[in-house]
Amino acid sequence: MSTSDYAGLVTRMAALVVDAIVLTLIVPVMADGPPSMWAAVTGEAPGWLKSLSQVGAALLPVLYFGLLWWGTGQTLGGLVFGTVVRRKDGEHLGPVRSLLRSAVGLLLPIIWLAGMVVVLWDPHRRALHDRLFDTVVLRKARRV
Amino acid sequence: MNERAPLGRLALGATVLAGERLKLFDKPVPETLAVLVGVAERGRDTARRALRSAGDTAKKATDSAKKAGDTVRKFSPSPPKRVREFLDEARSRGTKTIRIGRLEAKGFVTRTMDDSIRWAERTIIPRMVDDMTPHIINNVVPKLIDGVMPQIRSHVVPVIIEDLSTDERIRTLIAEQSHSIVTEATEELRENSARADDRLEDSFRKLFKA
């Protein structure tokens, strides 16, 4: 595999921006949607529902990245830019590895983004978190 | 065929052609007509010869004819046979004349028609088109559009829209086209981002090597 088979910094950041936009739209809906619907039907929403919605909204980004990397290796941003996350040996990510990768990225976003710079000189275009979790981001072959 | 055809033969050919077109008779021409034409031709030839040898030679000719007649009568076939020969010759001659006349008439008609059409194309039609175009554009077409448009709007357009919207082929075409546009846009986006990746890395390498 040559370097161009791996996604570079621009592509990965662009895909991340797409995912950020998607989450920006979905998270508020998750946080406020159920209480608002409850309130529209029966009046004031109960506290547990509000709390549950808040927790759900907080976990949503982790689940979004984690489950999609585990399932297909592609988030929506990856789908648009044709990138897919795999283990270094080319296998799919397991659930634990993908959820951990997602959680670390979201909990330590600064380190995550700073670690992306490593992509510029790594022969497999791996970021810091890719080295940590032994993953690569591949360009998906074009369908004919 | 530059030589001008005799008028009589031309008329005969034209008559035969018209008869064929009107299905009055089939090809080849009827035998009776051929015989009639042959007899007429022979009569004409005889008349010409007779006129030519008029005058002093008439008497000599009469005497010679009388002598020859006696001789011929002595050795010639019987009258029915002579008549048959005469008719056969007349039929053959008539058939030939009719065939030639028919060909000449056909050529004449074709040439005349071609000339007429060329003449009309050269003189009449351009003038007619020039004269009629402004009238058609200024008067006829607006009236036609004014008259037809409400009908088209109320009757034709809804039917066409209905047909187009329910036609499976059109739907497939639109879906394929939309899919193709999205696919192309995505591919372009991916290629651009890949190029940007490469450029950025090249710049980075150059910067740090320097």
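The expected span of a helix is taken as 1.5 Å times one less than its number of residues, and helices (H or I, at least four residues) and strands (E, at least two) are DSSP runs, numbered from the N terminus. The views below come from a predicted model, in which local features need pLDDT of at least 70, side-chain atom pairs count only at pLDDT 80 or more, and totals for chains, interfaces and linings use all residues. Residues are numbered from 1 along each chain as its sequence is written, while chains are lettered from A and ligands numbered from 1 in the order in which they are written.

View 1. With 34 residues, α1(A) should span 50 Å at 1.5 Å a residue, and its end C-alpha atoms are 49 Å apart, which agrees. After α1(A) comes A:Gly43, whose phi is positive, near 110 degrees.

**View 2. Buried residues of α1(A) and what covers them.** A residue is called buried if 20 or more other C-beta atoms lie within 10 Å of its own, exposed if 12 or fewer, and partly exposed in between, with C-beta atoms placed from the backbone. The buried residues in α1(A) are A:Leu9, A:Val10, A:Thr11, A:Arg12, A:Ala14, A:Ala15 and A:Asp19. Their cover includes α3, β1 and β2 (135-139) of chain A, together with α5 (168-209) of chain B.

**View 3. The contact of chain A with chain B.** Twelve residues from chain A and twelve residues from chain B form the contact, where two residues are in contact if their C-beta atoms, placed from the backbone, lie within 7 Å. On the side of chain A that touches chain B, α1 (9-42) and α3 (76-81) of chain A each supply at least two residues, and α1(A) gives the most, with four residues. The residues of this side of chain A divide into six nonpolar (Ala, Val, Leu, Ile, Met, Phe, Trp, Tyr, Cys and Pro), two charged (Asp, Glu, Lys and Arg) and four polar (the others, Gly among them).

**View 4. Helix α1 of chain B.** Chain B has five helices and zero strands, and of its 210 residues 10% count as buried. The 15 residues of helix α1 (residues 7-21) of chain B should span 21 Å at 1.5 Å a residue, and the end C-alpha atoms are 21 Å apart, which agrees. In this helix B:Leu12, B:Gly13 and B:Val16 are buried. Seen down the axis of α1(B), the buried residues fall within an arc of 100 degrees (that of the directions from the helix axis to the C-beta atoms), so they line one face of the helix. On the other side of α1(B), B:Leu7, B:Ala18 and B:Arg21 are exposed.

**View 5. Two loop residues of chain A with positive phi.** A:Arg125, found in the loop between α5 and α6 (128-133) of chain A, has a positive phi of about 50 degrees although it is not a glycine. A:Arg125 is buried, with 25 other C-beta atoms within 10 Å. A:Asp134 lies in the loop between α6 and β2 of chain A, and its phi, near 55 degrees, is likewise a positive value in a residue other than glycine. A:Asp134 is partly exposed, with 13 other C-beta atoms within 10 Å.
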